[in-house]
Amino acid sequence: LEEVPLEVLRQRESKWLDMLNNWDKWMAKKHKKIRLRCQKGIPPSLRGRAWQYLSGSKVKLEQNMGKFDELDVLPGEPKWLDVIERDLHRQFPFHEMFVSRGGHGQQDLFRVLKAYTLYRPEEGYCQAQAPIAAVLLMHMPAEQAFWCLVQICEKYLPGYYSEKLEAIQLDGQILFSLLHKVSPVAYKHLSKQKIDPILYMTEWFMCAFSRTLPWSSVLRVWDMFFCEGVKIIFRVGLVLLKHTLGSSDKLKSCQGQYETMERLRALSPKIMQETFLVQEVIELPVTERQ
Amino acid sequence: TVVGAGAAPRGSPEACLDPDHLYNVLFVGDSDVGKTSFLHRLCLNTFSPHLAATVGMDYQVKTLVVDNKCFALRLWDSAGQERYRSVTKQFFRKADGVVLMYDITSEYSFSDVRYWLSCIQEAAGDGVAVLLLGNKTDRAAERRVPTSEGELLAKEHQLMFLECSAASGHNISEAMVSLVRLLKVREDELKNKAEEVPKPPQKKKGCCW
């Protein structure tokens, strides 16, 4: 775990406070600076607030005052309630917020997910939304988490959770073609083993790595994700693939299909460590156009 | 050749190094019926009530010695929620066998069995071996689906049928041993057929996919 010295943390907090208090000005004129500060990591005490500003969920909430409460008191469709209820105890079960059945964390999770099925009845509930909502609830109250979830589902990862899951399959193909550029060795190996991107990237992307990376890395990735969008998810995926399968040395011990899948499931802690991972993500030579 | 419930398993779930046969087995069924828990019990002999819902597709490998032969199983664990079908259906086609699981404490999950059967048939055809498996027998007090109903449905569709509990370990390896025997019979049938025909349509068994 990377320890930020207390003094640095205090400095960052005051910088972030200044930004949040003059948000429109910063967004208009110094977006690069915001991005840089997100890459360095948002101070934990301000993270929840910052995510709401970055995602635009704060504005969304203000434009829709009372909407969440309206949805909150509606009963919801039984078919969605059933699936959601079955998932409540399966999200971060060892986090103190979600540890007890029917506890506040699980109750709020239910409210947020149910509200979404009423907000977008044609989309309903997709199971990968639960970990996303749970991470949000660790940082903000239910109403705020709801609007942040809305932004993620509609602005950041549009189509990821909708009926046919077409967007995630398309992004799997895009990830794979980017890998060709970033790490031809890893690309060749995965092609040879006939390992479809769906097999390793679905959970990575749909849960925005919240179930894959160590916690401190999840937060750092999300800080950048909220600022820069889905390309961060692609970059993280590419870094993980490159450092897991990107050299003939690494491939020696995972020559078969099964060994490769195992390796991708049990990623090396070294490559997931926050400082290493964030640096690699920033430096990865992929351009927007590719 | 359908092995019914209660068939005495003569197989042992030991590991073997050089398998004679390799089968792809796909696990399907509603969300939260216990597919991932079953695989954790089978492969790791552990049980946790907190396993996260499967997103997309997961994968385990297990070797079994049955009737003195060694079998390698590739076990494909699919997400139960309906909308993942478009993602997982490509794996249906390549399955040698399917474990169709429901939760004996949930009528919904049992009534969805017919839906799952139609998915299997659509993607994999009639030839695929299917084991209908009712999970969670440890929660007898909450049972909503009588064993007889499972048996009846299995008979109607000519499926193999068992009940098990991933939580207690009841009938876990028995279920896999029974399925392996059925898969072996199917494989032998196919081989015999192939030998009868002058130019055999080579069906590659257990190729990488």
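1. Basis. In this predicted model, local features need pLDDT of at least 70 and side-chain atom pairs count only at pLDDT 80 or more, while totals for chains, interfaces and linings use all residues. Residues are numbered from 1 along each chain as its sequence is written, chains are lettered from A and ligands numbered from 1 in the order in which they are written, and side-chain values use heavy atoms, with hydrogens and water left out.

2. Extent of the A-B interface. On the chain A side, 35 residues are in contact with 29 residues of chain B (contact: heavy atoms within 4.5 Å). The two chains bury about 2,800 Å² between them, with 51% of it on carbon and sulfur atoms; buried area is the accessible area (1.4 Å probe) that two parts lose on being put together, summed over both. Of the area that chain A buries against chain B, 22% comes from A:Arg86, A:Arg90 and A:Gln127, more than from any other three residues.

3. In one salt bridge, A:Glu163 meets B:Arg83 at 3.7 Å, N to O. On chain A, the elements that give two or more residues to the side touching chain B are α7 (78-87), α11 (166-182), α13 (197-206) and α17 (257-265). Helices (H or I, at least four residues) and strands (E, at least two) are DSSP runs, numbered from the N terminus.

4. Salt bridges within chain A. Over all chains, the whole structure has 26 salt bridges. A:Glu62 and A:Lys58 pair at 2.9 Å, N to O; they are 4 residues apart in helix α5 (residues 57-63) of chain A, and so about one helical turn separates them. A:Glu62 is partly exposed at 43% relative accessibility, and A:Lys58 is partly exposed at 27% (buried is under 20% relative accessible area, exposed over 50%, partly exposed in between; 1.4 Å probe, protein chains only). A:Asp72 and A:Arg111 also form a salt bridge, with the closest N and O atoms 3.0 Å apart. This pair links distant parts of the chain, 39 residues apart: A:Asp72 is in helix α6 (residues 67-73) and A:Arg111 in helix α8 (residues 104-119).

5. Helix α5 of chain B. In α5(B) (residues 147-156), the buried residues are B:Gly150, B:Leu153 and B:Ala154. They lie on the same side of the helix because they cover an arc of only 100 degrees around the axis, taken from the directions from the helix axis to the C-beta atoms. The face turned away from the buried side carries the exposed residues B:Leu152 and B:Lys155. The cover over the buried residues includes β4 (97-103), α3 (107-111), α4 (113-124), β5 (129-135) and β6 (160-163) of chain B.

6. Helix α15 of chain A. Of the 15 residues of α15(A), 13 are buried.

Key:
Salt bridge = Lys/Arg side-chain N within 4 Å of Asp/Glu carboxyl O.
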